[in-house]
Amino acid sequence: YIPIVVSMTDLLHFVRDSLTRSMGDLPKVSRATGIPYDTVLRIKNGEGDPGYSKVQRLAEYFEQQKAA
């Protein structure tokens, strides 16, 4: 396994785009990732400065969804 290094900016852009496309499924995204719905919504809306671990968890979720 060779990890791919991605900047936080790129990762956040990917996550926000994915959240925007998943608008009706945000409660499902929240449940699946364990990240509170209001936090998921704030990340989608670009509010605040989300922690790397949350952004990474969301990115991993969307990567798994894409692979399925």
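Visitor: Leaving aside its neighbours within four places in sequence, which residues is Leu-11 in contact with?

Guide: Once those neighbours are set aside, Leu-11 is in contact with Val-6, Tyr-52, Val-55, Gln-56 and Ala-59, where contact means heavy atoms within 4.5 Å. This is a predicted model, in which local features need pLDDT of at least 70 and side-chain atom pairs count only at pLDDT 80 or more, while totals for chains, interfaces and linings use all residues. Residues are numbered from 1 along each chain as its sequence is written, and side-chain values use heavy atoms, with hydrogens and water left out.

Visitor: Why does Leu-11 count as buried?

Guide: Leu-11 lies in helix α1, helices being DSSP runs of H or I with at least four residues, numbered from the N terminus. Its relative accessibility is 12%, and Leu-11 therefore counts as buried, the term applying under 20% relative accessible area, with exposed meaning over 50% and partly exposed the range in between (1.4 Å probe, protein chains only).

Visitor: What makes Val-6 partly exposed?

Guide: Val-6, placed in the segment before α1, has a relative accessibility of 38%, and for that reason counts as partly exposed. Val-6 and Leu-41 are 35 residues apart in sequence, with their C-alpha atoms 23 Å apart; Leu-11 and Gly-46 are likewise 35 residues apart in sequence, with 13 Å from C-alpha to C-alpha.

Visitor: Why are α1 and α3 called roughly perpendicular?

Guide: Helix α1 (residues 8-21) and helix α3 (residues 37-44) pack at an angle of about 110°, their axes being 9 Å apart. Axes are lines fitted to C-alpha atoms, for helices over the stretch in contact, and angles run from 0 to 180 degrees between N-to-C directions. Under 35 degrees counts as roughly parallel, over 145 as roughly antiparallel, 65 to 115 as roughly perpendicular and the rest as oblique, and α1 and α3 are therefore roughly perpendicular to each other. The contact is made by Leu-12, Val-15, Arg-16, Leu-19 and Thr-20 of α1 together with Val-40, Ile-43 and Lys-44 of α3.

Visitor: What makes α1 oblique to α4?

Guide: The axes of α1 and α4 cross at roughly 55° and come within 9 Å, and it is this angle that makes α1 oblique to α4. Among the residues that meet here are Leu-11, Val-15 and Leu-19 in α1 and Tyr-52, Val-55 and Phe-62 in α4. By class, the residues of this contact divide into eleven nonpolar, two polar and two charged; Ala, Val, Leu, Ile, Met, Phe, Trp, Tyr, Cys and Pro count as nonpolar, Asp, Glu, Lys and Arg as charged, and the others, Gly among them, as polar.

Visitor: Which residues touch the most other members of the largest nonpolar core?

Guide: In this core of 14 residues, they are Val-15, Leu-19, Val-29, Val-40, Ile-43 and Leu-58, a nonpolar core being a set of buried Ala, Val, Leu, Ile, Met, Phe, Trp, Tyr and Cys residues joined through side-chain atoms within 4.5 Å. Helices α1, α2 (26-33), α3 and α4 (52-67) each supply at least two residues, and α4 gives the most, with five. Not counting residues up to four places away in sequence, Val-15 touches Ile-43, Val-55, Leu-58, Ala-59 and Phe-62.

Visitor: At what angle do α2 and α3 pack?

Guide: Helices α2 and α3 pack at about 115°, with their axes 9 Å apart. Their contact is made by Leu-26, Pro-27, Val-29 and Ser-30 of α2 and Tyr-37, Val-40, Leu-41 and Lys-44 of α3, which by class are six nonpolar, one polar and one charged.
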